[in-house]
Each structure stands twice: as structure tokens, then as C-alpha cells.
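Hello,

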Amino acid sequence: MLKYTIKRLLQSLVTVLIVVTIVFLLMRMLPIDYYFTEEQLMKFTEEQKQEQLLQAGLLDPLPKQLFNFYRQLITKFSLGDSRRIQSGVAVTKVIATRMGISMRLGVISLGISLVLGVLLGIAQTRFKDKFVDGIGTAYIIFVNSVPSLVSYSLVLVFGSRVLGLPPLYSTRNPVSITLPIVCLSMGSIAGYALWTRRYMVDEINKDYIKLARAKGLTTKQIMIRHVLRNAFVPLAQYLPASFLLTIGGSLLVERFFSVPGMGALMTDAIARYDTNVVQGCVALYASLGILGVFLGDVLMMLIDPRIKLTGNGGTR
Amino acid sequence: MRKSKILAMALVSVLTISSLTGCGGNPNNNTNPTTNQTTTSGGSNSETTSGSSETTTSDNSSTPKAPVVDNGGEPIKDLVMTQSQGSHECETLNWLYTQTGSTSEVLTNLVDGLLSCDVYGNLVPAIATEWGTEDGGLTWTFKLRNDVTWVDVNGNKMADCTAQDFITGLEWVLNAAKNDANNTSMPIDLISGAKEYYDYTKSLPTEEAMALDTTKFLEIVGVEAPDDYTLIYHCITEKPYFDSVATYNCLYPVSAAMIEQITPQGFKEVSNDQLWYNGCYRLTSFIYNNEKVMEKNESYWDKDCTLFDSVTVKMVEGSDVSYQLYQAGEIDAVGLNESQFSTIYNDPNHEYYNNLVETYPSKYAYVVHFNYNKRKDDGTDDTNWNTAISNEAFRQAWYYGLDFTEYMARSNPLNPNKQTLDTFTGRGLCFTSDGTDYTTLVTDLLDHGSTDRSDGQGKAARLNAEKFAEAKAQAMAELTEQGVTFPVQADYFILSGSQTSLDAAEVLKKVFSQCFGDDFIQLNIRTYVSNLTQEVRNPRLQSFFINGWGADYADPQNYLGQMVYPGDNAFYAQYYENVPDASADVQAVFEEFTGLVEEADKITDDLDKRYAAFAEAEAFMINHALFVPVFNQINFKVTRINHFSTINAPFGIQPNKYKNWETSTVAYTADDYAAFEAAYEAGRPTD
Amino acid sequence: MNNMNQTQNNEDELFEFTEYSAENAERIGYSDYSYWKSVLQNFFKKKAAVTLLVIFFLVLIFSFVALKIAKYDITMEPDSSKAFISPNSEFWFGTDNLGRDYWSRVWFSSQISIKLAALVAIGECIVGVTIGCVWGYVRKLDRWFTEVYNIINNIPTIIYMTLVALMIGQSFIIMAITLIAFGWLPMARNVRNLVMMYRDREYNLASRCLGTPLHRILIKNILPYLLSVIILRLSLSIPSTIALESTLSYLGLGLDINTPSLGILLRNARGYFLDYPYLLVFPALIVSLITVTFYLVGNAFSDAADPRNHV
């Protein structure tokens with residue numbers, strides 16, 4: 001197991017490096033004029049443009065740029081400085097200041113949605129085709145049917161006009177996280193409920209459940225001991241990734257409520273061609289994503305001993 | 001003051017890239033996604049002051065104020081504004097580094113330079129009390145105030161602001177390692193030794209250059225401080241307009257002691273709690289894409305000015321959020337989008353019905369610029385368009401036929417024609433000795449005169465159905481002979497994903513179809529994804545742009561100079577540099593026009609004559625339909641701020657200083673605004 | 001056959017010959033069970049889903065009729081004097097901010113959105129299931145597929161979309177292909193996980209021992225188990241495509257300007273709906289109808305597709 005873990009983590013590292021390298025190259029496929037704003041382009045002479053790119057090291061041949069990038073990453077743990085998001089500030093610092101805010105919101109909403117979502121899913125399965133199931137389904141349908149662009153606006157308007165909640169995130173007012181969290185949780189509650197119900201319904205039809213029922217276990221015991229445990233296996237796979245990716249924040253929620261988190265950082269960085277920030281974000285997301293998948297596999301294996309990740313168990 | 005206006009000539013222009021954004025767009029004090037833009041233009045006016053020597057001593061140190069309208073409210077103590085996220089967020093707190101308008105809007109409140117501007121854009125003293133040149137602009141001496149101090153984020157006095165700090169600032173700008181070649185162009189063009197010092201720092205290893213102090217700098221560069229409160233700049237040649245550069249951040253001071261404290265690397269990435277301030281406010285809180293809080297600097301040198309106790313700028317996603325915040329009483333001004341405007345306007349009982357106020361006309365005079373050397377997507381010349389647009393009758397059809405009323409209604413549904421522009425130059429730019437607006441001189445030379453503005457409903461004076469029909473028939477006849485196929489396809493580019501631009505373009509398409517007829521010209525709306533220059537202008541794909549130009553200084557040369565061809569410093573030169581490939585006729589017209597402008601520019605002893613000569617050049621341009629004037633934008637707002645009391649100078653980083661603003665806790669009405677406008681116009685120095 | 005002959009010879013008198021019956025010869029197994037028939041039978045028991053499906057198809061057909069009977073064409077020119085007119089007999093769905101008939105815009109956009117969503121869902125399904133099955137089943141390939149998945153999945157969509165928009169352009173087809181190109185990943189991963197779970201079940205082990213070829217095991221033994229999940233994912237992909245499209249339009253990376261979609265209508269309505277709610281209501285209703293239909297149909301079908309629910 002240890003050997004497998006190490007091997008897989010090393011593999012993951014390679015993947016992250018490949019991903020970052022690809023993004024590095026993709027960003028440099030664009031013409032250099034994208035590095036400047038419209039106003040700078042109108043103002044600058046060709047000479048000035050070259051001068052600035054030279055200072056930023058963007059005119060070096062690609063292999064050299066890539067080499068420099070990895071050199072400073074390895075020797076100084078530095079991803080370079082931001083050019084346009086927060087000029088001169090180290091990318092690591094740019095990300096660090098935003099990460100905590102997104103993560104705080106994300107983890108709170110993940111907790112809420114996991115609890116509420118799984119509970120709703122269980123209730124729906126327990127009372128399948130009854131009223132509760134219908135309510136749950138209606139909720140899931142509502143959340144899924146209205147594009148988030150619209151539902152977030154509705155939450156914003158309803159929350160601020162009717163309930164009088166602050167429409168903008170503020171560090172000084174803890175109440176102001178309510179609306180962003182509602183928006184973040186709305187969708188994922190529905191998601192967890194949907195898949196919990198799906199997998200539980202699948203389990204309920206299996207033979208061992210019939211056996212358990214025949215043995216005389218109560219519905220409650222069957223639900224919790226057998227159905228939920230088995231149904232949770234495929235869900236568990238995604239948990240670590242969801243947790244880690246809370247760091248990434250949500251683009252729309254953070255835009256709408258002016259949350260100063262990671263959500264809009266990469267979009268903004270791409271829009272301004274702040275290559276270092278883009279690379280930093282991608283490296284972070286990739287590491288988290290891959291780590292999340294790995295931890296998901298481990299978790300799935302721990303919960304369900306039938307699943308084996310190492311090649312020894314099965315054939316082929 | 002008269003002299004300094006001419007002296008202030010050249011430098012800096014403000015431009016907006018087409019896109020009429022109307023009421024939609026951004027909420028906040030800056031309704032248009034305009035890009036403030038500076039550009040240096042050569043000293044074509046050097047002769048103006050050669051031989052003359054003068055020292056401008058200004059005793060009216062307090063900015064002229066518009067009279068107060070008493071609407072029952074108290075002046076606002078804590079101002080709250082909104083600004084749209086993303087592209088409008090402040091990129092750096094290092095004022096020597098920034099080159100973007102949205103960033104300067106913030107930083108101008110934190111630091112003062114040598115000079116500032118008043119509400120009309122005239123130079124006024126800031127840290128320098130007296131300034132001038134005795135040798136026609138070769139050497140410039142600035143006398144500084146001795147009561148300016150640097151304070152930290154908590155308002156504690158840290159150090160005096162002296163001439164040394166200006167030297168430290170310029171050294172930073174010209175040090176390649178420290179400022180990454182930002183803001184170097186103006187000093188390098190103007191100050192002796194600047195280029196040499198820049199090259200010197202570039203040749204050094206980064207660490208060494210970062211560690212440089214001002215010793216070597218003072219040896220190389222033509223700047224000196226005979227004492228703590230005198231600063232002398234030596235220019236490369238006579239630069240009579242050098243003093244207007246003193247409003248720019250490239251000549252701003254920075255406290256040497258602060259840099260010592262936080263290290264040069266630390267100043268590069270400085271945060272608001274490390275910074276030392278000498279401006280009106282201290283930035284006490286800065287949360288990216290969320291909120292900025294500025295608090296009054298109690299030690300600010302200008303004791304007579306009106307400042308807010310605090311100014312909060314909230315970053316918001318869109319105009320609907322701003323409007324909600326305004327309704328909740330949280331912010332003090334909001335621009336209105338179409339649906340908000342129409343709801344308020346159509347309901348006389350609406351709480352804001354009386355508070356709909358029209359902003360003053362945008363500084364940007366929008367005109368249609370043609371592309372005479374258009375290419376197709378595959379890179380080959382679009383001969384059909386190029387042949388057509390080189391035909392004068394074809395262009396005249398645009399001039400006489402294109403009625404923008406409906407297009408203008410996008411930004412002002414109520415009085416669209418109030419925005420009409422008759423000339424290339426915006427109205428109210430400069431006046432002759434008898435008080436005539438310069439643009440009137442131009443329209444007097446045209447056979448159709450100027451637009452009737454008495455009720456704000458008169459259509460553009462140039463419109464003439466008969467002449468249009470004539471021009472159209474002539475163009476179609478002549479061009480068919482040259483093998484042009486009709487309808488001529490005109491490509492117009494908008495930003496992809498911008499619904500406001502798309503809506504405006506859809507209306508423009510309708511306007512084209514109505515004005516020209518579908519057999520003549522057909523508008524194609526096309527999009528670019530992120531960068532107009534890169535995606536459209538460089539490959540020359542557009543048939544025309546609608547561009548806005550804002551005045552930098554009160555002289556027609558600032559407008560007309562942008563259209564001259566050939567002209568290295570002309571803003572629009574890059575549009576027209578390919579004219580010779582396209583058409584000899586058009587080139588001849590441009591050259592003649594350029595000659596007229598150059599002639600006019602030589603008249604420096606008699607302003608009336610100068611303006612008359614420029615008017616002639618402009619009329620010439622109009623008669624040959626080299627462009628089609630569109631409008632000066634006027635939007636609707638609900639606001640508690642008198643916008644006529646804010647600095648109205650598009651250059652430097654002076655505008656948007658929250659200083660001497662007239663505000664009221666009760667929202668202003670349209671009548672209040674009319675009074676403000678009248679007072680503003682009456683107070684304009686007419687010399 | 002040999003055995004039978006022997007029995008016939010040895011225990012002749014115990015048995016009688018029967019007449020050859022073509023019908024009986026065809027008879028197999030213990031019932032006339034047909035998988036797809038059962039699926040359909042079970043599906044048609046879900047009245048709500050069937051009703052919605054019918055309504056959906058009616059709406060789809062109606063969207064063509066609607067455009068035919070519309071008083072104003074989609075190409076109607078803007079007219080500011082007619083802006084923000086609430087629904088009436090002239091403008092059945094009212095007018096938008098430019099004074100254009102909202103009826104034709106809504107129906108036209110609906111067609112585009114449904115087309116895009118359906119295309120993307122089918123594309124994702126084909127690519128995702130194929131790759132997912134192979135990925136989950138063949139251990140040796142797992143590493144490589146995981147690697148490819150990680151690489152594609154970890155380069156943010158917005159980077160692709162920006163690059164595609166800048167370098168290739170914006171159009172319906174480009175959008176559909178791009179969305180499929182990155183949308184198959186979750187489907188493939190979902191399938192892979194399930195395949196991993198079923199791969200080593202005893203009946204598959206037995207099947208492998210008998211030398212059943214890989215594709216047969218995948219298609220006959222494993223795929224039916226996956227069908228319910230695949231269908232559910234498919235039905236969820238439709239609303240998420242509509243939502244993703246509106247988000248991309250919001251960022252300027254969506255469809256080209258000549259292709260209005262429901263996502264774009266909803267995005268635009270955002271700024272106006274407080275004053276003119278109908279601008280939001282009509283497109284939202286249609287989006288909801290599409291989503292609800294596919295959700296319920298997906299659920300019902302996936303329940304019906306589960307062989308364990310068949311008797």
C-alpha cells in the first residue's frame with residue numbers, strides 16, 4: 001500500500017508538471033499584444049512594448065522561459081510575480097490571501113450540503129414515491145432547471161430586499177456570508193440528495209437486502225447498516241476532491257457577492273494575460289484535483305473492501 | 001492663466017474605444033468603460049513661447065467652487081461609491097508603477113504631486129506653490145511647500161515631504177529593475193540624462209540595480225534640489241509644456257525613508273498598511289475586488305479644502321447590484337440602466353422621479369472613423385469597401401444620411417439629440433475673445449449651420465435628405481462603374497459577450513438600413529473576444545469604428561492634431577497610415593488637411609486668428625466627409641454628488657480626487673443640476 | 001444430440017414421439033422476457049414522466065409552429081418606442097429592451113438551446129461511455145487514462161474556451177464540439193468507477209474463464225448495470241449544458257451573436273427582471289420544462305432500465 005501510495009503520488013506530481021507545462025505553452029501561443037491593455041497598446045511604441053516584455057522575461061525563447069520557470073519554482077518555491085492582477089506581488093501571496101476566504105465559505109457550504117443533501121436523499125429513498133420524495137425531487141428539479149446565473153440573482157434580490165440581508169460580502173460583517181453560502185449550498189445539496197437517492201434505490205433492489213429483510217432487520221437498520229453504507233461508496237469517491245476544491249471558490253458566487261476569493265482570480269488573470277497567476281492557479285487546482293482523486297480512491301477502498309486499487313487482487 | 005493654457009499644450013489624450021455603452025454598462029461614478037489614456041505628442045508648439053520667460057505664480061490656491069444649491073440636505077460625511085469589478089480594480093498601490101486609469105483613480109487620493117488641476121482642467125498648485133521657466137522651457141524650477149508631511153496608514157506623521165522625495169520618485173521610475181520600464185516614456189522624452197540612466201540600470205544585474213540610491217542618478221540625470229524645497233528639472237530641449245507633466249505620476253514623490261523601511265522589493269509589492277501617504281486620504285483597508293476604505297488625512301497640507309471623513313468604494317458585479325445598494329441607502333450615486341430608467345421615468349409617483357439628472361456631456365466626442373485600407377479575414381484587401389470609401393460621394397452619403405437619433409437614444413432615451421455633435425471637436429472646449437464657442441466658428445463655415453439645441457430635440461444639422469439622395473445616386477453610379485458591388489458590406493466590431501454593445505449595434509444596424517436603404521450599405525455586426533487592437537485593428541478588419549476622443553487641453557490642435565496624416569504623434573495616425581496604399585485621392589485630401597492644421601498651429605500670437613484657422617481646417621475635413629460626427633454622451637443618474645464640482649481634467653492622474661466635492665445627503669433634482677451646470681459654465685475662465 | 005439418440009434407442013418404449021411444432025422449437029428459457037420490452041413497459045408505467053415527455057415533444061414541435069405563426073420575425077428591427085411592452089395580443093410574450101418581439105426570440109432561442117444541449121448530451125454519452133468502459137475494465141490502461149483524464153480535467157475549461165474563441169472563433173458547431181471535448185470526462189469517470197466495481201464480480205470472473213471476449217463482457221455483462229446511471233447523467237447533462245452555455249456567454253465566450261440561446265435571454269433578463277418580470281419568466285419556464293422533463297424522464301428511464309426492477 002505504501003509503495004502504491006508513493007508511486008501514485010509521484011505519478012501525480014508528473015501529471016501536475018505536465019499540466020502546468022501545457023498551460024504555460026498554451027498561454028504563450030497567444031500573440032504578445034495580449035499582454036497589454038487596450039490603452040497601453042494605443043499608447044506604447046513598439047520599442048516600449050518590447051522593453052516591458054524584455055523586463056518581464058517574456059521575450060526569451062520558450063525553452064529558456066520554461067527552464068527559468070521551473071528553476072525559480074524549485075530553488076525559490078516561487079511562481080513568479082503577478083503582472084497585472086496585483087503588480088509586483090508574488091503569485092504565491094496573491095493566491096494565499098484569497099485562498100482562505102474561498103475555503104472558509106466552501107467548507108461551511110460543503111458541510112451544510114453534505115448533511116442536508118444526504119439526509120434529504122435518505123428521506124427520499126425511505127419514502128420513495130411518497131410526498132417527501134416528491135418535495136425533494138421538486139427541489140432538485142428547481143435547482144437544476146434554473147441556470148445558476150439566474151438563481152443567484154434571485155437569491156441576491158430576495159435575500160437583500162425581502163430578508164434585508166447584506167447583498168455584498170464584507171469582512172466586517174459575519175452575516176454577509178449568508179447569501180453566498182446559500183448560493184453555494186443550493187446546488188450541492190441537490191447534487192448530494194440526487195446521487196444518494198439514486199445509489200440507495202439501486203442498493204435496495206439487491207438480493208442481500210431482501211435477505212436482510214427476511215432475517216427480520218428493521219427498515220431503519222437495513223437503511224443505515226446496509227443501504228447507506230453501500231450507497232455511500234460511490235459518493236465517497238468525490239468527497240476529498242470536493243473538499244480540496246473549495247479552495248478554488250466559485251466564479252459566479254464570488255462575482256455576484258464581491259467575495260475577494262479565488263473564484264474570479266483565474267478568469268481575471270486570463271482576461272489580463274497575467275501568465276504567472278494563471279500558471280499558479282492551474283498548478284494549484286491541478287495538484288488539488290489530482291490529490292482529491294487519489295484520496296477519493298483511498299477512501300472508497302477503505303469503505304468498501306471489495307474494491308482493490310493495486311493490481312494484485314484481480315486478473316488482467 | 002492664458003499663457004499656461006497654450007503652454008500646457010501637447011501631452012496626453014483621453015480616448016474611449018468606440019462602444020457606446022449607454023445606460024447599461026457600469027454602475028458608479030464612471031458610467032462608461034472608458035480607457036483613460038495618455039500619449040505623448042511632440043513639441044510642435046515649441047516656438048510658441050521661445051524667448052518669453054515667465055514665472056507662473058498662482059495665488060488662487062483654493063479651487064474655484066460652484067455655488068451651493070441648498071436642497072435641504074447636509075454635505076455627506078462618509079461617501080460610499082461603487083465600482084465594477086474585474087477590469088476596474090486597482091492593480092497596484094505603487095503610484096510610480098501604475099499606467100492604468102482605474103488604478104490612478106484610487107491612487108490620486110493617496111498622494112499629491114507638484115501640481116494639480118481645477119474643475120475646468122487648469123493647472124493649480126499642489127505641493128509646488130510657484131513654478132516656471134526662465135529660458136523658454138529648458139530649465140524648470142518648482143518651489144515646494146514646506147508644510148507637507150508623509151503619514152503612515154494610521155495618520156502618524158512619519159517625515160516631511162521634500163524635494164528629495166521627488167528625486168527618489170524619479171529615480172525609481174527610471175530604474176529599469178525597480179519599475180520594469182513603466183512610465184518611463186515621458187521623462188525619457190523630456191528630461192536630460194533620463195535615457196542614459198535607464199540604460200545604465202538596465203545594464204546592471206537586477207540585485208545591484210535594486211540597491212541603487214540617488215547618488216549615481218543625480219550625476220546622470222538633469223534634476224537637482226538646491227535646497228529641500230526647491231526642485232529644478234533640466235529638459236533635453238525647450239519643453240514649454242513641461243509643467244503639465246508635473247500632474248503625472250511619473251514625476252510623483254515617494255518617501256525615501258519609507259522605501260528604506262520596507263526595502264525596494266517591498267515597495268514594488270507594497271500593501272496599504274506599509275505605505276506612507278501625503279495625499280487627501282489614507283487607504284485604511286483594501287480588499288481586492290471587494291472594498292476600499294479611505295480615511296481623511298488629518299495632516300493634509302490643504303487645510304481649506306473640503307474632504308470626506310471617509311470614502312468607501314465597493315466593488316460590485318453589475319448595475320443591478322448598485323441600484324439595489326442605492327435603494328438601500330448604502331451608496332451615494334448610481335448610473336441607471338434602461339429598465340430602471342424607464343420604470344422611474346414612466347411613473348411620476350416614483351420616489352426617484354424628480355431625481356433623474358443628466359450628467360454633463362462626456363469628454364469624449366464620438367465620431368465615425370473610416371478604414372481606407374480594410375482587409376478581409378483571409379488577409380487580402382477588401383477592394384469592394386476600399387474603393388467605395390475612397391469615393392467622396394460615398395462618404396458624403398454617410399455624412400448627409402446617417403441619422404443617429406435612435407442610436408443616441410441608447411444612452412439617453414429622453415433627449416437623444418441633446419447629445420448631437422456637429423464637429424470633430426467637442427463643444428465647450430475653447431472660446432474666442434468675444435465668448436464664441438470654437439465649434440460655432442466651424443459650423444458657421446458649413447452651409448448647414450449647427451444643430452438647434454433650444455429644446456434638446458433638434459436633429460443633427462448635417463442631415464439632408466436631398467443631398468443624401470444626390471450623393472447616393474452619384475456614389476452608386478460612379479462606383480458601379482468601378483466594379484463595386486452593392487450593397488457595400490460594412491463590418492462593425494463589438495466586444496463579444498457585451499450585451500450593451502450588441503444592443504447598440506443592433507440599433508445601429510437598423511439605423512443603417514433605414515438611412516441608407518438595403519440596396520446601398522449593409523452593416524455586419526462582428527465580434528472580437530478580448531483585444532480590439534490585436535484582433536481587429538492590427539489586421540485592419542473593420543470598416544469603421546465609432547471612437548471617442550477627449551480633450552487634454554483647451555486647444556483645437558488637440559483634436560485636429562490626432563487626425564493629421566502623416567503625423568507620428570497623431571492618435572489616429574495608425575488608422576490612416578495605410579491610406580496611400582488605398583487611394584491617392586484620400587491621401588491628397590489628408591495632406592491638404594494636414595497642411596491647414598500645421599498652418600493654424602503656427603499662429604500663436606492671436607488666439608482668435610488661431611481658432612479661425614483651425615476652424616477652417618476642420619470645416620475642410622467635414623466638407624470632404626473624412627469622418628461623421630456622432631455625439632457627446634449624456635447619461636442619466638440618481639446621485640447625491642454634484643459632478644460639476646469634481647476635477648474635470650482627463651489628463652494625469654488628477655481626476656477622481658475626492659476633494660472639494662459638493663454633496664448632499666438628499667439626492668439632487670434635475671433643477672439642482674441645471675443650476676449647477678449654469679454656475680459651472682458661468683464660472684469658466686474665458687480669457 | 002448424441003445423448004438424445006442414445007436415450008431414444010435405450011428407453012424407446014417410455015417415450016412417444018411428438019409432432020414437430022415450429023412454435024415450440026422456437027420457445028426458449030423460462031419466459032418471454034425481453035430486456036428492452038420490459039424497460040419500455042416499466043417506463044410507461046411512470047405517468048408523470050410520459051406526460052412530460054409528450055408535452056416536451058409537443059413544445060418542441062410547437063416551437064416550429066410558433067415561429068411560423070409569430071406576428072413578428074426573429075429578424076425584427078429594434079424599435080425603442082416599443083421597448084418593455086408587457087405581453088398583450090400584439091406581442092404575445094411582450095417585447096425586450098430593444099422593442100423586439102419576445103415571442104419569436106424565445107422560441108427561436110429554445111430551438112437553438114435544445115439542439116445544442118441534445119447534441120452535446122449525445123456526444124458526451126458516446127465518447128464518455130466508450131472511454132469509461134475501457135478505462136474501468138482494462139487495468140493496464142487505467143494509469144494512462146487516469147493520466148489523460150487528470151491532464152484534461154485539470155486545465156480549466158475557461159482556458160480552453162478562451163483559446164478556442166481566440167484562435168478558432170465562435171459558432172454553434174465550435175461550441176458543441178468544444179463542450180463535448182471536455183464534457184465526456186465526468187461521464188467516463190462515473191462509468192469507470194462503476195465498471196471497476198462490477199469488473200471482479202463472480203459472474204464476470206466466470207465469463208472470463210469461459211474466454212468471453214472483452215467487448216462482449218463490456219456490452220453484455222456490464223453495460224446493462226451502468227445503463228441507469230448513464231441515462232441519469234445524460235438527462236442531467238442537458239440542463240447543465242444550458243447553464244454552462246449561459247455562464248460562458250456571461251464571460252463572452254459563448255455562442256456567436258447571431259445565435260441567441262435561452263442562456264443568453266436569461267442572462268440579459270437578469271438586469272431587467274425586477275422591473276419587467278416577464279422577460280425572465282418566459283425563457284425560465286421553457287428552460288424549466290426542458291430540465292424537468294429530462295430529469296423525470298431520465299429518472300424513470302433509469303429505474304426502468306435497471307434489470308433488477310424487472311420481473
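A salt bridge here is a side-chain nitrogen of Lys or Arg within 4 Å of a carboxyl oxygen of Asp or Glu. By that rule, one salt bridge crosses the interface of chain A and chain C. It joins the side chains of C:Arg189 and A:Asp297, at 4.0 Å from N to O.

Before the rest, some conventions. This is a predicted model, in which local features need pLDDT of at least 70 and side-chain atom pairs count only at pLDDT 80 or more, while totals for chains, interfaces and linings use all residues. Residues are numbered from 1 along each chain as its sequence is written, chains are lettered from A and ligands numbered from 1 in the order in which they are written, and side-chain values use heavy atoms, with hydrogens and water left out.

Chain A and chain C

The contact (heavy atoms within 4.5 Å) takes 59 residues from chain A and 57 residues from chain C. The area buried between these two chains is about 5,300 Å², with 66% of it from carbon and sulfur atoms. Buried area is the accessible area (1.4 Å probe) that two parts lose on being put together, summed over both.

Two residue pairs are in polar contact across this interface, both residues at pLDDT 80 or more. A polar contact is a pair of N or O atoms within 3.5 Å; within protein, one must be able to donate a hydrogen and the other to accept it, and residues adjacent in sequence count only if both atoms are side-chain atoms. On the side of chain A that touches chain C, the helices that each supply at least two residues include H1 (2–28), H8 (178–204) and H14 (275–303) of chain A. Helices (H or I, at least four residues) and strands (E, at least two) are DSSP runs, numbered from the N terminus. That side of chain A divides into 35 nonpolar, 13 polar and 11 charged residues. Here Ala, Val, Leu, Ile, Met, Phe, Trp, Tyr, Cys and Pro count as nonpolar, Asp, Glu, Lys and Arg as charged, and the others, Gly among them, as polar.

Chain B and chain A

This contact takes 53 residues from chain B and 44 residues from chain A. The two chains bury about 4,000 Å² between them, 44% of it on carbon and sulfur atoms. B:Glu91, B:Tyr288 and B:Gln324 supply 16% of the area that chain B buries against chain A, more than any other three residues.

Four salt bridges cross the interface of chain B and chain A. One of them pairs the side chains of B:Glu269 and A:Lys93, at 3.5 Å from N to O. H19(B) gives the most to the side of chain B that touches chain A, with five residues. The residues of that side are 16 nonpolar, 25 polar and 12 charged.

Strands in chain B

Strand E17 (residues 364–370) of chain B runs antiparallel to E20(B), joined by seven bridges. In this pair, B:Phe370 stands opposite B:Phe544.

Elsewhere in chain B, three strands form an open sheet in the order E15-E22-E16, with antiparallel pairing. Two strands pair if DSSP finds at least two bridges between them.

Regards
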